[in-house]
Amino acid sequence: MRRTLAAALTRPGSLDDLHFDLDVFDGPFDLLVTLILKEEVDLWEVRVSRIVADYALRLAESDEFDLEATSHFIVMVAALLEMKSRRLLSDGALLDEEEFAEVEEAGEELAVSLTRYTQFKRAADGLAQRYLEHAGRRYRGLPVPERFLRVVCDERRLPADGLVDALTVLLAAPPAPDVSHITDLALSVVQELCRLRELLDRNGQFTFAAVAPRDRLEKAVTFFALLELHNRGEARLHQSGAFADIVVRRLDGPRASSEDDALVAVG
Amino acid sequence: MLDLTRSLEAMLFISPQPVSTAELCAACVADEAHFAESLKELRNEYSAGRHGIELAEIAGGLAFRVAGACEATVERLAGARRPDDLSPALVETLAVVAYLQPTTRAEVAQVRGVSSEWALSSLVERGLADERGRADTPGAPILYGTTDRFLTLFGLPDLEQLPEIGSFALSVRETDELRARLLANAARRRP
């Protein structure tokens with residue numbers, strides 16, 4: 001691939017005016033490739049997708065299409081991509097025992113997954129063969145004749161005004177539901193923020209289950225306040241496992257002002 | 001042909017889907033011995049090669065279907081049938097569901113190594129899989145299983161007729177080769 005790139009660079013003219021502005025390089029494309037070959041620019045840092053996108057934009061804006069130049073560009077970009085993909089493989093450095101053990105463990109896990117997948121893949125191949133043999137078979141596809149149906153419906157005709165009466169009921173607006181039993185939340189996020197902060201100041205730590213209200217909505221408000229404390233760097237949250245209780249510990253650091261708390265309330 | 005046999009023949013002729021032997025027996029109002037004798041006579045009468053239709057055991061019941069030798073002629077009359085196009089990904093997903101059911105989308109993805117959301121939705125749309133409730137695990141994921149249509153399309157009387165999954169296992173030699181290939185690169189770099 002490096003030879004492909006080097007040979008492509010020697011071809012005259014077609015990419016001389018291709019200029020790219022990337023994070024790690026700003027200049028002509030052939031100079032970028034030269035620096036990559038000399039390893040003065042790290043290929044990992046070069047976003048080939050950006051190069052391709054810029055080139056595509058130029059093609060779209062240009063009135064002329066130079067097939068030779070575009071082909072040349074594609075060859076060089078393909079070579080860059082292959083060099084980059086080859087670097088995903090090992091660079092040949094030796095592993096110490098611990099690294100080897102990790103790689104070996106990962107390899108074992110992958111072997112187990114691949115073995116299981118291959119087993120089902122073979123089962124799928126067997127099913128596919130059955131499908132080819134059986135899917136085209138024809139069974140009776142007609143419905144049961146009406147005279148054999150277990151239940152026969154009455155053929156009484158419905159009068160037209162009966163339809164009107166039915167529709168009238170459907171079109172009438174239903175009464176507004178009584179929501180008097182639903183009250184506003186007694187808690188606000190700001191109030192809970194203050195309460196949790198006081199608990200941390202007093203005790204240094206607490207668990208979420210111990211301080212959360214019983215009502216689900218209020219519990220959610222307390223959880224939002226807890227997240228806000230964490231986001232501000234005032235508390236550290238720890239959970240020993242999935243769905244385990246959350247342990248909250250105070251972190252020493254600058255406290256938010258009451259204005260910041262008010263912004264939380266506004267949302 | 002026995003009278004009871006003729007009754008069974010009529011019921012199966014009229015039914016648009018496979019009928020279980022239990023339903024047939026209940027409809028016949030006959031004792032089990034007579035029913036079994038009539039059923040045996042009917043199976044013999046409509047075994048492969050005797051008539052243009054044959055009796056098949058499919059999807060948990062019995063159904064008449066066009067004999068294989070007459071398919072081409074029927075196609076000229078009724079037009080060609082176009083069974084669902086099942087891509088390799090769909091068949092793979094179907095195999096995992098068929099053998100592991102009831103199973104979740106996550107379990108299917110774990111076996112296949114890729115997301116199976118689209119494949120499962122497609123199988124449900126095609127009537128080859130359906131939802132069987134939710135698992136009793138955190139998140140209560142949906143459980144999936146195969147349908148009677150799956151059994152019909154794949155020519156299976158019931159799920160027990162699927163080949164054992166163990167019959168598709170890799171041999172010891174194949175497993176060792178796979179493991180060796182995966183670890184070869186690391187082995188070369190071992191000090």
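This is a predicted model: local features need pLDDT of at least 70, side-chain atom pairs count only at pLDDT 80 or more; totals for chains, interfaces and linings use all residues.
## A walk through the two-chain model

In β2(B), B:G61 is the bridge partner of B:I58. Residues are numbered from 1 along each chain as its sequence is written, and chains are lettered from A and ligands numbered from 1 in the order in which they are written.

β1(B) and β2(B) pair in the antiparallel sense, with six bridges between them; strands are said to pair if DSSP finds at least two bridges between them. Two residues sit between the strands, and in this hairpin B:A59 takes a positive phi near 50 degrees. Is β2(B) enclosed or open? Five of its six residues are buried, so β2(B) is largely enclosed by the rest of the structure. Buried means that 20 or more other C-beta atoms lie within 10 Å of the residue's own, exposed means 12 or fewer, and partly exposed is in between, with C-beta atoms placed from the backbone.

Helix α4 of chain B (residues 71-78) is another story: the count of buried residues among its eight is zero, leaving the helix hardly covered. Just after α4(B) comes B:G79, with a positive phi of about 90 degrees.

Step back to chain B as a whole. Its nine helices and five strands run α-α-α-β-β-α-α-β-α-α-β-β-α-α from the N terminus on. Of its 191 residues, 25% are buried. Two residues count as in contact if their C-beta atoms, placed from the backbone, lie within 7 Å; among contacts in chain B with a separation of 6 or more, 50% come from residues 24 or more positions apart.

Chain B also holds an open sheet of three strands, in the order β3-β5-β4 and with antiparallel pairing. β3 (103-104) and β4 (129-134) of chain B are the edge strands, each pairing on one side only. Four bridges link β4(B) to β5(B), residues 142-146, and the two run antiparallel. Across that pairing, B:D130 stands opposite B:G145.

Now for the packing. The largest nonpolar core has 37 residues, and A:L127, B:V91, B:L94, B:A95, B:V96, B:V97 and B:L123 have the most contacts inside it. Such a core is a set of buried Ala, Val, Leu, Ile, Met, Phe, Trp, Tyr and Cys residues joined through C-beta atoms within 7 Å. Elements giving two or more residues include α5 (97-134) of chain A, along with β1 (53-58), β2 (61-66) and α5 (88-100) of chain B. The largest share, eight residues, comes from α5(B). For a close-up, take B:V96: leaving aside neighbours within four places in sequence, B:V96 is in contact with A:F120, B:T103, B:V108, B:V111 and B:R112. A second, separate core of ten residues includes A:L18, A:V33, A:M76 and A:L80.

Where the chains meet, the contact takes 44 residues from chain A and 39 residues from chain B. On the side of chain A that touches chain B, 23 residues are nonpolar, eleven polar and ten charged; Ala, Val, Leu, Ile, Met, Phe, Trp, Tyr, Cys and Pro count as nonpolar, Asp, Glu, Lys and Arg as charged, and the others, Gly among them, as polar.

Chain A has ten helices and five strands, and buried residues make up 11% of its 267 residues. Follow its chain to β4(A), residues 235-239, which five bridges join to the antiparallel β5(A), residues 246-250. A:A235 has A:R250 as its bridge partner in β5(A). This hairpin has six residues between the strands, and A:F243 takes a positive phi near 65 degrees. In the loop between α9 (216-231) and β4 of chain A lies A:G233, whose C-alpha atom is separated by 9.0 Å from that of A:R250. A:G233 is partly exposed, with 13 other C-beta atoms within 10 Å.

Last, confidence. pLDDT is the predictor's confidence in each residue, from 0 to 100. Chain B has a mean pLDDT of 88, with 96% of its residues at 70 or more. Among its elements, β5(B) has the highest mean (95) and helix α9 (residues 172-188) of chain B the lowest (77). For the complex, the predictor gives an ipTM of 0.82 and a pTM of 0.53.
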